Structures are given as structure tokens and as C-alpha cells.
Amino acid sequence: NMKVDFRKDLTLEHAFRELIANAYDANKSAKKEPTECCIGPDNINQVLVIEDQGTTPLTLEAFSFGASIERTQDHHGQHGMGLKEALAIICRHRGKVSFKSHNRVFSTYVDEKHNIFIDKCTNYRKQEGTRVEVSGLSLSTCLSFMEAAKNWFLAKAYPDVTVSKQQVARIKQEQPQRVKPQQAILRQQQQQQQRLQQQQQQ
């Protein structure tokens, strides 16, 4: 079993760098641009999101010690030891990680002995790509780690992808908000009520 104190020398930035590397590599395998990955906060659901458009579903094997799904030499991440390091780091900071991949969901939980386990759920809504959700951490604090990891890959790991400062800013602004339909409707209703109250007060 993996424990939360696994690789205590590594930081949250390393964890996000590994998760983002896997997302970029999935896009590259699907012949999509790394910059098409969705990386940013979901302020409605209070989670950090790393989402790719890969065509290969994530399997339980990726979380098992002794098994490493290696990538080719031109890929920078691997669903192997690096992924396990990322999970240990995030769980050590009292965070949780959920992987929604095609029709499967894998979620971390920690027992009283600080062991990390993976829950698997099938028959999830079918979709392409893998959406990683990190919860339980400060969005504002971890967003800086995510941005640093993303910029590192754009500048170092993918030198063939030229992204100007204006393009980077545009990519950040265009990241889609991941909002559940019921929550979106509720938020819209609340906003309408607030506007009506303001008009009545005037």
C-alpha cells in the first residue's frame, strides 16, 4: 500500500507538474495540441481541474506499485511512479484526487493508518479524455503551483509549441467553467433575486 509520507521531499508543484505532464502527453498521443488541455480552478465546485482530450481510458493498473504504464521517449509524464508521487503529495496535504476517465471514476481515500487507497466506480457518464479533480486544498494557493507547472511545460517540455504572453493570457481566460447544470440554474436564480432586491431597494 502507498502511504501519505511517500516521497516527503517533494512539493505540491511537483505533484501538479506530473498530473499536467500526463494530460499533455494524452493530448499529444491523440494528436491534439498540449495547449488544448483544460487547466484551472472550478470555482463553483471548489476543485482544481486538469483535463485532457486523450482517447485511451485510465485503468486501475496505473495506481498499482510494480506496474508502470510507460510513455514513449518524446513524452514527459508517465502513469507510473510519478503519478503515485503526485497522489501521495496531495493526500499528505489533506487533499483528495478524483480521475474521471471515459466511463470510469477513480478516487483516493486515506485510512486511519495513513494508507492511500483507490476507489473504482464504473458506468460513469461516457466521455472522451480524462478529467482530474483535486479537492480539499486552497484554490488560491495551489493555482500558483498549477500555473508554474503549466508554464514550465510550455517553455521547456514542448519547445516546438510557441505561445506568446498574449496567447497564454487568452488561454487562461478561455478555460471553460465546469458547472453542474443544477448548480448553474441555482446560481442564475440567486443572481436574479439579488438584482430584484437591489431594484426594490432603489
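Which residue, with a positive phi near 60°, follows H1? In this predicted model, the residue that follows helix H1 is Lys31, whose phi is positive and lies near 60°.

Helix H1 itself spans residues 12–29 and comprises 18 residues, with a reach of 26 Å from its first C-alpha to its last, which is close to the 26 Å expected at 1.5 Å a residue. Of the 18 residues of H1, 13 are buried, so the helix is largely enclosed by the rest of the structure.

The largest nonpolar core contains 38 residues, and those with the most contacts inside this core are Phe16, Leu19, Ile50, Phe63, Ile90, Phe99 and Val134. At least two residues of this core are supplied by each of H1, strand S3 (47–51), helix H2 (81–92), S4, strand S7 (130–135) and helix H3 (139–157), and H1 gives the most, with 8 residues. In soluble globular proteins, nonpolar side chains tend to be buried together. When neighbours within four places in sequence are left aside, Phe63 is in contact with Leu58, Leu83, Lys84, Leu87, Phe99, Phe106 and Ile118.

Strand S4, which covers residues 96–101, also includes Ser98. Ser98 counts as buried because its relative accessibility is 13%, which falls under the 20% cut-off for that class. With residues up to four places away in sequence not counted, Ser98 touches Val105, Phe106 and Ser107, together with Arg131, Val132 and Glu133.

Terms used:
Residues numbered from 1 in each chain as written. Predicted model: local features only at pLDDT ≥ 70, side-chain atom pairs only at ≥ 80, totals over all residues. Heavy atoms only, no water. Helix = DSSP H or I, 4+ residues; strand = E, 2+ residues; numbered from the N terminus. Buried < 20%, exposed > 50% of the residue type's maximum accessible area, 1.4 Å probe, protein only. Contact = heavy atoms within 4.5 Å. Expected span 1.5 Å × (residues − 1). Core = buried A, V, L, I, M, F, W, Y, C linked by side-chain atoms within 4.5 Å.
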